[in-house]
Each structure stands twice: as C-alpha cells, then as structure tokens.
Amino acid sequence: MNPVVTPRVDRGYYDREYFESHGEHLLDPGSRFQRYRVRKVLDIHQPGPGDRVLDLGCGWGTFCFALAPCVREVVGVDFSQRSIELCRRRLSLSEFENVAFVCADAGDTKLAKDTFDVVIAADLVEHLYPEQTDQVVREAFRLLKPGGRFSVWTPHRGHILEILKNHDLLLKRDPSHVDYKSMDRLQRILTGHGFRIDRSYYVESHLPVFRHVERILLGLVPLLRRRIAVLAIKP
C-alpha cells in the first residue's frame, strides 16, 4: 500500500481558498475573537508611539489597523496577493497614512535590515513548514533594531479543541496548520537564531465561561492551554 501524500499548502492555496473559506469572525475587527486576539497579542508587548512595527503574515490586516492610531508606522507583509488586496482595499477606506502593505515572503521580505522596533507573528508559525519557520525567524532578527521585540502568538496543539480538530471530531481540521510548534520547540528556534527569550506563557481561549476555567487551570492541565505567547528580544 502506497503512503498517503498530503499536498503541500502553498501560496496558491491562500490566494485561491484560504481567505474565502474562513469565517466572518476573522473579517470583522469588532468580533469577540478578533478583539481577544488583539488584546492578548498586545499583552505580550505593547508598541509605543515612536515605534515602527512589522506584522508578518498580516492576513486581513487586523493588527495593522489596531496599531495604526498608537504607533509611528506599521507595515503588514503577506505572501498572498489576495491578502494584500483585501488589506489595501480596507486601507483605502480609512484615514490612516502610517500603514503600508507589502506582498512578500515573510522569510525574505527585501525590507531594510535593523529598521523595526517590533515584529509581530500572530497566528503565523503554525502555517509554516519547519524550513520556512527558520527563514522567518532569521528574517525577523535581521529586520529588528538591536533591542527590538519579536512577539509570537500561536495555537497550542495540546489544547482539547485542537485535538478534536486534528482528529476531525466535531470540529473541522484546518489544512493550513501544517506544523504546530510546542512552547519548548518555539523557544529553541528563537534562541537558535540569536534571540533572547524575555517571557513565555500559555493563554486561555476567548470562549465564554470556558475561558475562566482555562485561566485557573491552564498551569496544571495541558488540555486547557489554548495559546502559546512568547516575547523574544534581539540583543
């Protein structure tokens, strides 16, 4: 019997399917889920008014638009042309003049080195194959100024909802989640490319009631650790 070969999820998948197949909660910046994402990612590190911020894998531009009123400049990068089209269309309807979107590979942006104070990778690394992760972390290090911060936010595969999804039980598997990183592995990748870990912790989900149970028990029960949050610093 021949082994089943899973097709590689590539740029074409995101341009053709990804942004059309995901729920309205991702399109609405005021949804409970997006407000949760923004709040929790900014809890990792809150950029200051003088900061230049880069959002790698910017998707719908959620963090770019959330940060625009409170930073000097924010640049969103995504390798999907569809993503950049959506973001630029939304930008054209806004009054922000300090936001830009670039269609580029997050592992090779072609942007100038040592020019950003903060780099965000929120819900990105689970979409990256191992070799891509190394490229993206290396690129984040290159782009940050010395002392710059790298905020990483990603699902925890050991959470009960991710287990159900990955076994197609009750919830639908996300084919774009090609390589989950554990807390330990993520920290090894970051330090292996020169970063120093400032802090790392698990975060509860956004689900009503359930999140309160998670917050109390996630330190003891891996099944209740919904998200991984890591702040790394370029020395």
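Colleague: In which loop does Asp168 lie, and what is its phi near?

Modeller: In this predicted model, Asp168 belongs to the loop that runs between α7 (160–166) and α8 (183–192). At 47% relative accessibility Asp168 counts as partly exposed, because that value falls between the 20% and 50% limits. Most residues other than glycine have a negative phi. Asp168, in contrast, has a positive phi, near 55°.

Colleague: Is Asp123 buried or exposed?

Modeller: Asp123 is placed in the loop between β4 (116–122) and α6 (130–143), and its phi, near 55°, is positive in a residue other than glycine. Since buried means under 20% relative accessible area, the 17% computed for Asp123 makes this residue count as buried.

Colleague: Within what arc do the buried residues of α5 fall, seen down its axis?

Modeller: Helix α5 (residues 81–92) has 12 residues and reaches 16 Å from its first C-alpha to its last, close to the 16 Å expected. Its buried residues are Ser83, Ile84, Leu86, Cys87 and Leu91. Seen down the axis of α5, these buried residues line one face of the helix, because they fall within an arc of 160°.

Colleague: Which residue caps the N-terminal end of α5?

Modeller: A side-chain oxygen lies 3.3 Å from the backbone nitrogen of Arg82.

Colleague: What accessible area do Val213, Ile216, Leu217 and Leu220 have together?

Modeller: Leu220 is found in the loop between α9 (210–217) and β7 (227–233) and is exposed, with a relative accessible area of 71%. Together with Val213, Ile216 and Leu217, Leu220 forms a nonpolar patch on the surface, whose accessible area is about 400 Å².

How values were computed:
Residues are numbered from 1 along each chain as its sequence is written. This is a predicted model: local features need pLDDT of at least 70, side-chain atom pairs count only at pLDDT 80 or more; totals for chains, interfaces and linings use all residues. Side-chain values use heavy atoms; hydrogens and water are left out. Helices (H or I, at least four residues) and strands (E, at least two) are DSSP runs, numbered from the N terminus. The expected span of a helix is 1.5 Å times one less than its number of residues. Buried means under 20% relative accessible area, exposed over 50%, partly exposed in between (1.4 Å probe, protein chains only). The arc is that of the directions from the helix axis to the C-beta atoms. A polar contact is a pair of N or O atoms within 3.5 Å; within protein, one must be able to donate a hydrogen and the other to accept it, and residues adjacent in sequence count only if both atoms are side-chain atoms. Patches are made of residues with over 30% relative accessible area and no salt bridge: like charges are joined within 9 Å, nonpolar side chains (Val, Leu, Ile, Met, Phe, Trp, Tyr) within 5 Å. Accessible areas come from the Shrake-Rupley method with a 1.4 Å probe; for residues, only the protein chains shown count as cover. A salt bridge is a side-chain nitrogen of Lys or Arg within 4 Å of a carboxyl oxygen of Asp or Glu.
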